Amino acid sequence: MIPTLADIYAAARRIRGVADGTPLVPSPFMRGHTGADFLLKLENMQPIGAFKLRGALNAVDGLGDVAGVTCCSTGNHGRGVAYAARASGLSAVICMSSLVPRAKVDGIRALGADVRIVGHSQDDAQAEVERLVAEEGLAEISPFDDARVICGQGTIGLEILAQRPDIETILVPLSGGGLAAGVALAAKSINPAIRVIGISMDRGAAMYESLRAGRPVAAEELPSLADSLGGGIGLDNRLSFPMCRDLLDETILVTEEQIYHAMQVLYFEDRIVAEGACVVGIAAVLAGKVTLDGPAATIVTGRNLDMDLFTQVITGQPVQLGDRLVAGQPYRRTA
Ligand SMILES: *Cc1c(COP(=O)(O)O)cnc(C)c1O
């Protein structure tokens, strides 16, 4: 069942005081570049360092009597579920692929969850989740294809519009589409004229490819500076695919070089330490792939980076991503 605005308000009540109320701050640099107000919704300031706590809390709250919870994750959803499970006195098993950065694995273990590294893709990790559900009776919490998760993420849309009712465009990092679906549902229910654009990296963008194909399709999972945006959307996707199809105005791809540069921009201009996944909206604007003529906001979705990789980007070193080398150069202001 497709969720409604009322479900998102209910989620907002459930997460109140724990995962809500992050700041929405202006980026003077991006305003200078676009000529319009450009706001950053700082989900990197969440207790787990990423917005996924919203959806995880909303999903775990009210599960009732279960043996424990499990999920597959590119890192941040697992951390959210581990946090929410601990708060509810439940055990959590988080299944991830070997592509997940070490910093994220450590963060999840520190919350007391059982971490399983399975195979080299989200699909491999998902197979282990299905086994745990079937054989051990754990309750699965999908990272994106779950109404409770989508509504939790949608509370970001409510907050952005409450903080700045004049926002005309929201740029949303897009992977499995739980965030984009929830934010678009919230924002468009309040202001149908608002434009919501999903942005992904150009290698292995499963939702982008699926929207073009008109049905969920598999995408190859490749190392990316935006590692949180990796993974498929599930060939049996029931909610986040149709919601993204019906609610997003546009989807855009950016290159690893554009992500690299936008990470430098967010750091040097706004002094924000954030994952590659967070800057895809900024990258799309700086690359001229989106034009803005009114106030816009993007979501700085998380800060759980590998600090060695971040240091390479900030100091302008080349970065090796699998078989792909991102050349890189020291930051120079281009606006
Ligand atoms: C999960 C995640 C996203 C994408 O969210 P989806 O709901 O999968 O589209 C973006 N940024 C970060 C940091 C994430 O952890």
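A cavity here is a set of grid points where a 1.4 Å probe fits but cannot get out. The model you have open is predicted.

**Stop 1: the ligand.** Select the ligand. The ligand sits in the largest pocket.

Stop 2: Start with G177. A backbone N or O atom of G177 is 2.8 Å from an oxygen atom of the ligand. Move to G178. Here a backbone N or O atom lies 2.9 Å from a ligand oxygen atom. Then pick T301. A polar side-chain atom of T301 lies 2.8 Å from a nitrogen atom of the ligand. On its own the ligand has 380 Å² of accessible area, and the protein covers 98% of that.

Stop 3: The largest cavity holds about 40 Å³ of space. To find the largest cavity, select its lining: L174, S175, S200, M201, G204, A205, A206, M207, Y208, L229 and G231.

**Stop 4: the lining.** Colour by element. Two elements, β8 (195-201) and α9 (206-213), each give two or more residues to the lining of the largest cavity. α9 gives the most, with three residues. Finally, colour the lining by class. Seven of its residues are nonpolar and four are polar. The lining of the largest cavity has no charged residues.

How values were computed
Residues are numbered from 1 along each chain as its sequence is written. This is a predicted model: local features need pLDDT of at least 70, side-chain atom pairs count only at pLDDT 80 or more; totals for chains, interfaces and linings use all residues. Side-chain values use heavy atoms; hydrogens and water are left out. On a 1 Å grid over the protein atoms alone, a cavity is a set of points where a 1.4 Å probe fits but cannot get out, and a pocket is an open set with protein on both sides within 12 Å along at least five of seven lines; lining residues have an atom within 4 Å of a point. Grid points are joined across faces, edges and corners, and a volume is the space filled by probe spheres set on the points. Helices (H or I, at least four residues) and strands (E, at least two) are DSSP runs, numbered from the N terminus. Ala, Val, Leu, Ile, Met, Phe, Trp, Tyr, Cys and Pro count as nonpolar, Asp, Glu, Lys and Arg as charged, and the others, Gly among them, as polar. A polar contact is a pair of N or O atoms within 3.5 Å; within protein, one must be able to donate a hydrogen and the other to accept it, and residues adjacent in sequence count only if both atoms are side-chain atoms. Accessible areas come from the Shrake-Rupley method with a 1.4 Å probe; for residues, only the protein chains shown count as cover. A molecule sits in a cavity or pocket if more than half of its atoms lie within 2 Å of its grid points.
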